[in-house]
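Hi,

Here is the structure I promised to pass on. Have a look first, and my notes follow below.

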Amino acid sequence: MKVHFIRSGERRYSMRIERSDAPVLIMHPAPGFDPDLPHDMVHFVVEAALGLKTGVFGQIAAGGDAGSFHVEAGGALSAKERQRAARKQVAKGAKLIKVQGREGELSELAAFLFDIAWRSNTRPDSAAQRAALGEAERTRASLSADERARIDAAQSRVFADFDRLSKAWRALPVGDALVLKWPSAQPIG
């Protein structure tokens, strides 16, 4: 699966996901733009590092739509075929979301924790920063010992990927894409 993170504007991005055995998915615009690392890229890296098979991107790789992506218009499909594919996509996505279990929740919690920890190294001390770190401590305390150990073991890989991808993202001109291969988090091209 190839995930295109497209810098579609000065403060906007969109996504295009190519899968070999399922329709191409898009999200335009995608929520959570950040000049350093968009929200969905954080999820991508975290889910890949933790090996989450039913997080956002694992679920999409399994044929789902994560409840927020849409089948791309145009291409080789007729309008009728595209509508049928979209209905099937939504049904499969809903089914996969129902069976996500703890991994779906862990994806959200871990993405939040890694994002706050990574950004805390560059953000100045402020009331907002202290509040975010406090929330991260409470979130971390809500995890099981095994989940905390799993997150701790992945931290160096996640931070290295964040640093590498952030540098590439910041340098990306509007209209270009950073393309990542799931689940390696390695840029393509």
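Before the first residue, one definition: I call two residues in contact when their heavy atoms lie within 4.5 Å. Also keep in mind that this is a predicted model.

Let's start with Gly32, which sits in the loop between strand E3 (22-30) and helix H1 (39-50). Leaving out residues up to four places away in sequence, Gly32 touches Tyr13, Pro38 and His39. Its C-alpha atom is 8.5 Å from that of Arg12, 20 residues apart along the chain. Gly32 counts as partly exposed because its relative accessibility is 38%.

Next, the salt bridges: the count comes to 10. One of them joins the side chains of Arg170 and Asp36, at 3.5 Å from N to O. Arg170 lies in helix H6 (residues 145-171) and Asp36 in the loop between E3 and H1, so this pair ties together parts that are 134 residues apart in sequence. Arg170 is partly exposed at 48% relative accessibility, and Asp36 is partly exposed too, at 27%.

Then there's helix H5 (residues 127-141). The buried residues of H5 are Gln129, Ala132, Gly134, Ala136 and Thr139. Glu135 and Arg138, both in H5 and three residues apart, are about one turn of the helix from each other, and their side chains meet in a salt bridge at 3.1 Å, N to O. Glu135 is partly exposed at 35%, while Arg138 counts as exposed at 52%.

Cheers

Terms used. Residues numbered from 1 in each chain as written. Predicted model: local features only at pLDDT ≥ 70, side-chain atom pairs only at ≥ 80, totals over all residues. Heavy atoms only, no water. Helix = DSSP H or I, 4+ residues; strand = E, 2+ residues; numbered from the N terminus. Buried < 20%, exposed > 50% of the residue type's maximum accessible area, 1.4 Å probe, protein only. Salt bridge = Lys/Arg side-chain N within 4 Å of Asp/Glu carboxyl O.
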